Amino acid sequence: MTGSAAESVALPATDGAVGAAGPVAGRLLAGRAATLADHLGRHGPLPQAVAQGDRRTPPPLLEAVERAGLTGRGGAGFPTARKLRAVAGRRGRSVVVVNAMESEPASRKDRLLLAAAPHLVLDGAVLAALAVGADTVHVCLPRDGTGRPRQLDVPLEERLRSRIDPVRLRVHALPDAYVSSESTALVRWLDGGPALPRGSTPHSHERGVGRRPTLVQNAETLAHLALIARRGPDWFRAAGTPDEPGTALVTVSGGVAAPGVLEVALGTPVATILDGASGNAADLQAVLLGGFGGTWLPAAHGGTPFTRRALAPFGAAPGAGVLVALPRAACGLAETARILAFMAAHSARQCGPCRFGLPAVAEDFAALADGRGDAAVLSRLHRRTALLPGRGACRHPDGAGRLAASALRAFADDADRHLSRGPCPAAHRTPNIPVPPTTPEETWR
């Protein structure tokens, strides 16, 4: 990562390959992750002293992160220092959980970090543990074909041999399902339950894993934290905007010539980010921001800065750093319908909005995209998408409702044409946005 200009990492968004160089990864050796020796040579030793304090004096790391203005890079954008302080201020030994699940199908940034710079993420987790008084770090990753993730085997072995970590690091393989990356799902799974979200209370910082105060933090956020601990808040603030400082990893895909993961300064215009992936704004009709639970932004607003404040008037947010470019020749309604079918199938099915609301919205949207909707389909969709937010056990129905509502706005003229003249020719072409199979997870343990 860098505290200066936007740079690019050559990582195709459609696979897990890693390029030979980049601001996050540094120079890689034959496509392998940076070794511990490479990592320490580039960044220096783990600055443990900056993280340590006592109950009466906040650790210097908390003050540094607060001054830096770091916010979470997992989706919600919550101030990192506030999360750290909330856990550090509780009684008893706490726990740190690294959320590296990256269940958003259009995102590859955390995968890049773990493949190219795993020690930066682990450093951040260890420093966070020292800052909040934790003795254990749980790293949560999705299961692979063997039933367990292997990408951290070598890095953890290196750290164990070097004895550089004053806390215990444990890796867990969770079901690779969309909702399993939700923070309460991680806590529930680590406590022996299913990897399904629970209600929002009690909060994890109050009673999380083993009923202990728990910090759940995204992998990229912890990598930024590790760099702030070494280089300071002023270095971090050299990029970004005064209100939203720093850089972020962004996965760009869809109608661009060079899909991949880019590191950009917050505040960079959306169109400029697409240019970094060799996208042509003149050939685009819209951009999906934030992933499958995100918002369609018409291409005419491509000059909007990539910040929460600037995107808020459009009902959008940077989210987990996902931009999917939609070509003019594509059908936005059909692309949205496929995503909504996935979202409906991959819900936890624990509450009314997920069991009944999402399938109903997905079915109506499919009918609209196919040109077979009845006269009331649009009014039903507007009504039902407005009912989804804030009613579920987690934020999954909120995201699906947001996506559907934004598509009805962005592709309003297309919707009218689909209903009056039938589906456009693009509705049944090969999709521009890859959508995983809609088969839901069969086991949550």
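P213 is buried, with a relative accessible area of 5%, where buried means under 20% relative accessible area, exposed over 50% and partly exposed in between, computed with a 1.4 Å probe on protein chains only. This is a predicted model, in which local features need pLDDT of at least 70 and side-chain atom pairs count only at pLDDT 80 or more, while totals for chains, interfaces and linings use all residues. Residues are numbered from 1 along each chain as its sequence is written, and side-chain values use heavy atoms, with hydrogens and water left out.

**The loop between α7 and β5**

P213 lies in the loop between α7 and β5; helices (H or I, at least four residues) and strands (E, at least two) are DSSP runs numbered from the N terminus. Although P213 and V95 are 118 residues apart in sequence, their C-alpha atoms are 6.3 Å apart in space. With residues up to four places away in sequence not counted, P213 touches V87, R90, R91, R93, S94, V95, S204, H205 and E206, contact meaning heavy atoms within 4.5 Å.

G193 is found in this loop too, between α7 (183-190) and β5 (214-218), and it counts as buried at 16% relative accessibility.

**The chain as a whole**

The protein chain has 16 helices and ten strands, and 55% of its 445 residues count as buried. Of the contacts with a separation of 6 or more, 71% are accounted for by residues 24 or more positions apart. The accessible surface comes to about 17800 Å², of which 51% belongs to carbon and sulfur atoms, the areas coming from the Shrake-Rupley method with a 1.4 Å probe, and for residues only the protein chains shown count as cover.

**Nonpolar cores**

A nonpolar core is a set of buried Ala, Val, Leu, Ile, Met, Phe, Trp, Tyr and Cys residues joined through side-chain atoms within 4.5 Å. The largest such core has 50 residues, and those with the most contacts inside it are L84, V98 and V137. The elements that give two or more residues to this core are α2 (60-68), α3 (80-88), β2 (94-99), α4 (109-116), α5 (118-132), β3 (134-142) and α8 (219-231); the largest share, eleven residues, comes from α5. Leaving aside neighbours within four places in sequence, L84 is in contact with L62, V65, A128, V132, L215 and L225. A second, separate core of 46 residues includes A106, L326, A337 and L381.

β8 and β9 pair in the antiparallel sense over four bridges, where two strands pair if DSSP finds at least two bridges between them. The two strands form a hairpin with five residues between them, and G290 in the turn has a positive phi of about 90°; L289 stands opposite T295 in β9.

Rings of Phe, Tyr and Trp (its six-membered ring) pair if their centres lie within 6.5 Å, and planes under 30 degrees apart count as stacked, over 60 as edge-to-face and the rest as tilted.

| Pair | Centre to centre | Angle between planes |
|---|---|---|
| F292 and F342 | 5.5 Å | 90° |
| W296 and F411 | 5.3 Å | 70° |

F292 lies in the loop between β8 and β9 and F342 in helix α12, so this pair ties together parts that are 50 residues apart in sequence. Both F292 and F342 are buried, and ring pairs link Y178, F292 and F342 into a cluster. The pair of W296, in strand β9, and F411, in the loop between α15 and α16, links parts of the chain 115 residues apart. W296 counts as buried at 2% relative accessibility, and F411 counts as buried at 2%.

**Helix α15**

The 15 residues of helix α15 (residues 396-410) should span 21 Å at 1.5 Å a residue, and the end C-alpha atoms are 21 Å apart, which agrees; the expected span is 1.5 Å times one less than the number of residues. This helix is mostly covered, since eleven of its 15 residues are buried, among them H396, P397, L403 and L408. The buried residues of α15 pack against β8 (284-289), β9 (295-298), α12 (332-345), α13 (352-370), α14 (377-387) and α16 (412-421).
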